[in-house]
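Notebook open, viewer loaded. I'm jotting things down in the order I looked them up.

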Amino acid sequence: MSTAEQQPENPPAAEGDALLGAADIRELAAALGVRPTKQKGQNFVIDANTVRRIVRTAQVRPDDVVVEVGPGLGSLTLALLEAADRVVAVEIDDILAAALPATIEARMPRKADRFALVHSDAMLVEELPGPPPTALVANLPYNVAVPVLLTMLDRFPSIERTLVMVQAEVADRLAAEPGNKVYGVPSVKANWYAHVKRAGAIGRKVFWPAPNVDSGLVSLVRRTEPIKTTATKAEVFAVVDAAFAQRRKTLRAALAGWAGSAAGAEAALVAAGISPQARGEMLTVEEFAAIAEHKPAAQGPAL
């Protein structure tokens, strides 16, 4: 057999050739007439080393089905396709959604059939094409990062591992532990689904346009066993929302509206083994669940 006959029909591109660099990103954007907007929280990653680092940190495996929210021009998408079995990208922007499949076909044709695009608002997505996703990896728009993250974790329980790039301040809140001054609603709700930790920092210069804030990576590994409680997620989250709506107040005062009265809140707290003088920022998600289990029965109108 000749040397020519031994060559694969479509030889793979040299490592790094398929990924988008700063010049590629700007060329693509110019061709599409795209200017990143603050309104949509768009900051495109223009550094191939950064997207490879994100994929490594996310521990993407060859058998993973990865869902990506907000793929933009495709820099992270291509790096994910290099490492995963399949990638499903959810993009709300009309122009970007229309262009992304062609970018994948042009730069990574051998993986084009392993890519699917969902043109939608991630908050509205109820199902995804193909096998259930096993991982979520995304550069989330800063203005919707927490609700999108929590919605995806809730709707797609098959997602075992998540790595998101978010504003550093949001990353700190998501990964905060009880007693930390930034511990709050995002911290507790994320912990309902997963074990959460900070997974690194990202500099401003790897984005176009460069944001005015630093970015951070957050790793979430889904709990193998759900929180043990007889309360529903909605019931637990109602307590969390009430506790942090007035975070400077004691739980006896902060939960008065939720319980129907301050006395009712105190009774629920005592029954849950929690001091009525404690504040929400000191409680674990398990403790919030215990409070939810002891919500006083609603009192009917006096006759």
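I started at helix α8 (residues 185-193), which lies across β7 and β9 and runs at about 120° to β7. For angles I use lines fitted to C-alpha atoms, for helices over the stretch in contact, on a scale from 0 to 180 degrees between N-to-C directions. Helices (H or I, at least four residues) and strands (E, at least two) are DSSP runs, numbered from the N terminus.

Housekeeping: this is a predicted model, so I take local features at pLDDT of at least 70 and side-chain atom pairs at pLDDT 80 or more, while totals for chains, interfaces and linings use all residues. Numbering goes from 1 along each chain as its sequence is written, and side-chain values use heavy atoms, with hydrogens and water left out.

Next, the sheet. It is open, has seven strands in the order β4-β3-β2-β5-β6-β9-β7, and its pairing is mixed. I count two strands as paired if DSSP finds at least two bridges between them. β4 (115-119) and β7 (194-202) are the edge strands with a single partner each, so one side of each has no neighbour in the sheet. On average, neighbouring strands are turned by 20° against each other, direction ignored.

I zoomed in on β3 (residues 86-91), which pairs with β4 in the parallel sense over five bridges. Val90 sits opposite Val118 in β4.

Which strands does helix α6 touch? Helix α6 (residues 145-155) packs on the sheet against β2 (65-69), β5 (135-139), β6 (161-167) and β9 (215-222), and its direction makes about 170° with that of β6. Contact here means heavy atoms within 4.5 Å.

I clicked on Thr151, which is in helix α6. Thr151 is buried at a relative accessible area of 15%; the buried cut-off is under 20%, exposed is over 50%, and partly exposed lies in between (1.4 Å probe, protein chains only). Leaving aside neighbours within four places in sequence, Thr151 is in contact with Ala122 and Met123.

Then the cores, meaning sets of buried Ala, Val, Leu, Ile, Met, Phe, Trp, Tyr and Cys residues joined through side-chain atoms within 4.5 Å. The largest has 61 residues, and Val236 and Phe288 are among those with the most contacts inside it. Not counting residues up to four places away in sequence, Val236 touches Trp192, Ala231, Phe288, Ala289 and Ala292. Another core, of 40 residues, lies apart from it and includes Leu20 and Ile202.

Last, the whole chain: I get 13 helices and nine strands. Of its 303 residues, 49% count as buried.
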